[in-house]
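Please consult the sequence and the structure alongside the points below.

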Amino acid sequence: MSTALAVITLSLFILGFWIHLSQKPRRDAVKNINGPYNIPLLGALQESYGLTPENIFDKSFEMGLKYGLVLKAWIFNRLIIASGDAELNEQLLSSTVQIRKHTLYSILHEWLGNGLLTSDGHKWYTRRRVITPAFHFKILEEFVEVFNRNSKTLVNCLATKADGKSAFDVYPFVCAHTLDIIAETAMGTKVNAQTGGTKQYTNAVLEMTKTVAWRFLRIHLHSDFLFSVLHPFKKRQSEKNLKIMHDFTHKVIKERRDALEASLKSANGDVATKKRMALLDVLLQSTIDGEPLTDEDIREEVDTFMFEGHDTTATSMACSLYILARHPRVQDKLLAEINQVYGEDFSKPITLQSLNDLKYMECVIKESLRKFPPVPLIARNLTEDFKYTHSILGDGVIPAGSEFIVIVFGMGYDPQAFDNPLNFIPERHENLDLKSSFQFIPFSAGPRNCIGQKFAMYEMKVTLIHVIRSFELLPLGEAFVPELGIVLRSVTGMQLGLRKRTI
């Protein structure tokens with residue numbers, strides 16, 4: 001037995017030593033990049049000890065101070081490059097080659113399939129080209145009415161909390177609000193999440209979003225097999241939610257396709273002029289290589305927008321309200337601008353043009369996005385060697401197969417780019433002069449930037465108009481405690497208080 005054990009031990013040692021030697025070219029390629037000490041074979045596992053979703057932000061800042069804005073770390077044979085450096089990030093994110101999302105996004109495949117968020121290569125390029133017209137300004141202009149109507153519903157829901165003394169978490173309210181908006185604008189259907197309408201579907205979306213974020217933070221659960229074995233109840237519940245969502249989406253697609261075909265057969269059949277265009281309508285009328293998209297192709301994109309279009313915007317909106325509650329001066333200045341543009345009696349209608357006139361509000365939203373970026377990290381798997389030229393690192397190569405993580409939340413706190421970065425100062429965005437536009441990228445940047453960023457900005461503006469005019473936001477409740485997920489979360493929620501304004 002002892003001889004067999006010795007042979008096994010020696011074999012494992014030889015295998016490990018061979019693996020270590022085989023990684024030498026990769027180690028040599030990145031020797032100009034600082035990082036924690038890497039134990040042979042194990043890498044920098046010591047740095048991950050005690051790391052949690054709640055303390056990863058503080059830990060990242062500590063490592064940035066110690067090793068610089070760009071650092072490397074090995075986890076076994078995985079080479080990870082983490083960068084809060086705008087110069088390097090610009091070269092990576094501008095690349096038309098390095099567009100493959102990190103493998104952790106695989107946990108979204110059951111829900112979203114291979115849609116715009118998760119796809120790459122030819123499929124991503126063609127889908128992006130097809131979907132872009134859905135965000136033309138003429139279509140966005142039609143969506144303002146949807147933003148406006150649902151914002152009024154939000155105000156009615158928030159009024160139940162406006163006693164001027166009680167703290168509450170505003171996130172669930174704005175989450176239901178953004179879900180109502182994205183359902184109507186993406187699918188052309190109302191789910192009435194704010195008023196308890198299509199509960200089965202809306203509950204499935206909200207539960208699935210929570211499950212995805214929960215699995216994202218537990219690396220071993222990225223495996224469907226381990227997820228099924230270790231959490232069979234959650235797995236079954238996820239499958240149930242997936243069926244509810246997919247059945248609902250397929251039903252809406254069929255109804256919309258039937259209506260389109262009936263309209264095209266009629267004498268005056270121009271579906272685009274008879275009703276508001278939704279993303280779904282654009283997809284139904286699009287072709288790729290001369291062929292129409294299948295129902296499954298369309299389902300992938302609609303579900304992608306149901307996920308991306310409500311969760312990230314809800315976080316951005318809730319964070320803006322949270323921080324405005326803590327800055328009454330900014331809140332008063334914002335209210336004054338709203339009254340100046342629309343009149344205290346709200347005599348001027350809300351249009352894209354009038355929303356563009358809200359310059360200070362745009363600064364407020366941008367400053368909130370700087371402090372609380374809804375997507376705190378952007379991760380890529382490098383499919384080819386990434387060659388770069390850097391003012392400090394010099395000319396270098398990050399080998400193919402490496403994982404590159406853009407530290408979006410860290411970039412917003414770089415004192416070289418933002419004076420007093422810990423302070424909430426919307427005015428800084430009035431004449432912000434950054435060395436690189438990639439220093440501030442709450443919607444990502446480059447070819448894979450957020451296709452719906454204008455949509456989100458207009459949606460947030462309309463919502464803020466109604467909430468700020470209706471309520472004084474009060475600094476009540478616990479402080480924001482960031483938690484890492486696919487979308488930024490707060491351990492304590494996003495708490496504030498409300499007092500009705502007398503207009």
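In this predicted model, 73% of the protein chain's contacts with a separation of 6 or more join residues 24 or more positions apart. The chain's secondary structure comprises 20 helices and 13 strands.

**Overall dimensions and burial**
- The radius of gyration of the protein chain is 24 Å, which agrees with the value near 23 Å that a compact globule of 503 residues would have.
- The C-alpha trace spans about 85 × 55 × 45 Å along its principal axes.
- Of the 503 residues in the protein chain, 52% are buried.

**Helix α20**
- Helix α20 runs through residues 453-470 and contains 18 residues.
- From first C-alpha to last, α20 reaches 26 Å, close to the 26 Å expected at 1.5 Å a residue.
- This helix is mostly covered, with 15 of its 18 residues buried.

- Three cavities of 30 Å³ or more are found in a search of the whole structure.
- The largest cavity holds about 50 Å³ of space.
- Its lining consists of Leu-369, Arg-370, Pro-373, Val-408, Met-411, Gly-412, Gln-439, Phe-440, Ile-441 and Pro-442.
- Helices α18 (359-371) and α19 (408-411) each contribute at least two residues to the lining of the largest cavity.
- By class, seven of the residues lining the largest cavity are nonpolar, two are polar and one is charged.

Terms used: Residues numbered from 1 in each chain as written. Predicted model: local features only at pLDDT ≥ 70, side-chain atom pairs only at ≥ 80, totals over all residues. Heavy atoms only, no water. 1 Å grid on protein atoms, 1.4 Å probe; cavity = no way out; pocket = protein on both sides within 12 Å on 5 of 7 lines; lining within 4 Å. Points joined across faces, edges and corners; volume = space filled by probe spheres on them. Helix = DSSP H or I, 4+ residues; strand = E, 2+ residues; numbered from the N terminus. Nonpolar A, V, L, I, M, F, W, Y, C, P; charged D, E, K, R; others polar. Expected span 1.5 Å × (residues − 1). Buried < 20%, exposed > 50% of the residue type's maximum accessible area, 1.4 Å probe, protein only. Rg over C-alpha atoms; globule rule 2.2 N^0.38 Å. Contact = heavy atoms within 4.5 Å.
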